[in-house]
Amino acid sequence: MPRPSHLLLVFLVLLSSGASASREYGYKVIDKKPQSRDIFVQGLQILDDQLYVSAGGYGKSRLLRFNFSSGALEVERKIDPRLWAEGLTVFADRLYLLTWKSRNLFVYSKEKLQGIERMQIPGEGWGITHNTEQLIYSDGSDRLFYLSPDQHRITRALRVTENGKPVMRLNELEWIDGKIWANVWQTDRIVIINPEDGKVEGSINLKGLLPVMERRAGTGVLNGIALNPADGGIWVTGKNWPWMYRIELVPDVSAHPSAESR
């Protein structure tokens, strides 16, 4: 049998690498904490044993800070009823809160959650996180935007793809171990994104995380990712869910936790 030419071999290698699928994960629940069912979770962050949460809804939007260990509410700030709060992130000594359609990014003090300033963004705000230098936010499309908090301007737009196809409806974000984790809105999936090229390197199937018996009228979709820097724990939740779950990834998309693990 004749050997393929050198050029054909190169082509086959490139084709194979370009078509490589993202790694798929299942999950194991290793802990959980109670959460009020009236919190329509939009953003979630853990820092210095404090849990920061943004809740959405017109006339219902607010910022909340809890003691993470005890669950005690420390501070609550209501948002203008004309605004719909979205994702949040704490960066340095400030908290940044997105709003949905008003094209605003609000800045608060970390300690007292008092308003400091307002930035304008070109479109909708969905989820937000940060690396060591810039804010990174989503607008519900397949793009992530890098925003300089000092210069108040977008410095980069990153398109997110999975196996060469755009990934739409990117929502709540979290920076974990140099990667961007993102909820895909109205799914039970979190994607792990390479911040350099926008390629999805991992896909986490969280189907069944909230048991059917825990669901009620008004229970919403999966939304909310938070890394606890103190111990590396990864916590996830959803809109109007009664629990936050600490999960551990397992390399099998079909693996789900047993009833005993809950």
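Contacts between residues 24 or more positions apart make up 51% of the contacts in the chain with a separation of 6 or more. The model is a predicted one. Its chain contains one helix and 22 strands. Of the 262 residues, 50% count as buried. The accessible surface of the chain is about 13100 Å², and 52% of this area belongs to carbon and sulfur atoms.

The pairing of strands is described next. Strands of a sheet pair through backbone hydrogen bonds, either parallel or antiparallel. In this model, four strands form an open sheet in the order E6-E7-E8-E9, with antiparallel pairing. Strand E6 (85-91) and E9 are the edge strands, each of which pairs on one side only. On average, neighbouring strands of this sheet are turned by 20° against each other when direction is ignored. Within the sheet, strand E8 (residues 104-109) and E9 pair in the antiparallel sense over five bridges. Phe106 stands opposite Arg118 in E9.

E12 and E13 form a hairpin, and four residues lie between the two strands. In the turn, His152 has a positive phi of about 55°.

The structure holds eleven salt bridges. One of them joins Glu117 and Arg94, with the closest N and O atoms 2.7 Å apart. Glu117 belongs to strand E9 (residues 115-120) and Arg94 to strand E7 (residues 94-99), so this pair ties together parts that are 23 residues apart in sequence. Glu117 has a relative accessibility of 28% and therefore counts as partly exposed. Arg94 is also partly exposed, because its relative accessible area is 26%.

Another salt bridge is formed by Asp142 and Arg159, whose closest N and O atoms are 3.2 Å apart. Asp142 lies in the loop between strand E11 (135-138) and strand E12 (143-148), while Arg159 lies in strand E13 (residues 153-159), so the parts tied together are 17 residues apart in sequence. The two partners fall into separate classes of accessibility: Asp142 counts as buried at 10% relative accessibility, whereas Arg159, with a relative accessible area of 48%, is partly exposed.

Glu162 and Arg189 also meet through their side chains in a salt bridge, at 3.1 Å from N to O. Glu162 is in strand E14 (residues 161-162) and Arg189 in strand E18 (residues 189-193), so the pair ties together parts that are 27 residues apart in sequence. Glu162 counts as buried because its relative accessibility is 14%, and the limit for this class is under 20%. Arg189 has a relative accessibility of 23% and so counts as partly exposed. Elsewhere, Asp38, Arg62 and Glu76 are linked in a network of salt bridges.

Gln50 lies in strand E3 (residues 50-55). At 15% relative accessibility, this residue is classed as buried. The side chains of Gln50 and Tyr52 are joined by a polar contact of 3.1 Å. When residues up to four places away in sequence are not counted, Gln50 touches Gln45, Arg65, Phe66, Phe68 and Glu74.

Asn228 is placed in strand E20 (residues 222-228). With a relative accessible area of 8%, Asn228 is buried. In sequence, Asn228 and Leu47 are 181 residues apart, but in space the C-alpha to C-alpha distance is 6.6 Å. Asn228 touches Ile46, Phe68, Gly233 and Trp235, with residues up to four places away in sequence not counted.

Technical notes
Residues are numbered from 1 along each chain as its sequence is written. This is a predicted model: local features need pLDDT of at least 70, side-chain atom pairs count only at pLDDT 80 or more; totals for chains, interfaces and linings use all residues. Side-chain values use heavy atoms; hydrogens and water are left out. Buried means under 20% relative accessible area, exposed over 50%, partly exposed in between (1.4 Å probe, protein chains only). Contact means heavy atoms within 4.5 Å. A salt bridge is a side-chain nitrogen of Lys or Arg within 4 Å of a carboxyl oxygen of Asp or Glu. Two strands pair if DSSP finds at least two bridges between them. Axes are lines fitted to C-alpha atoms, for helices over the stretch in contact, and angles run from 0 to 180 degrees between N-to-C directions. A polar contact is a pair of N or O atoms within 3.5 Å; within protein, one must be able to donate a hydrogen and the other to accept it, and residues adjacent in sequence count only if both atoms are side-chain atoms. Accessible areas come from the Shrake-Rupley method with a 1.4 Å probe; for residues, only the protein chains shown count as cover.
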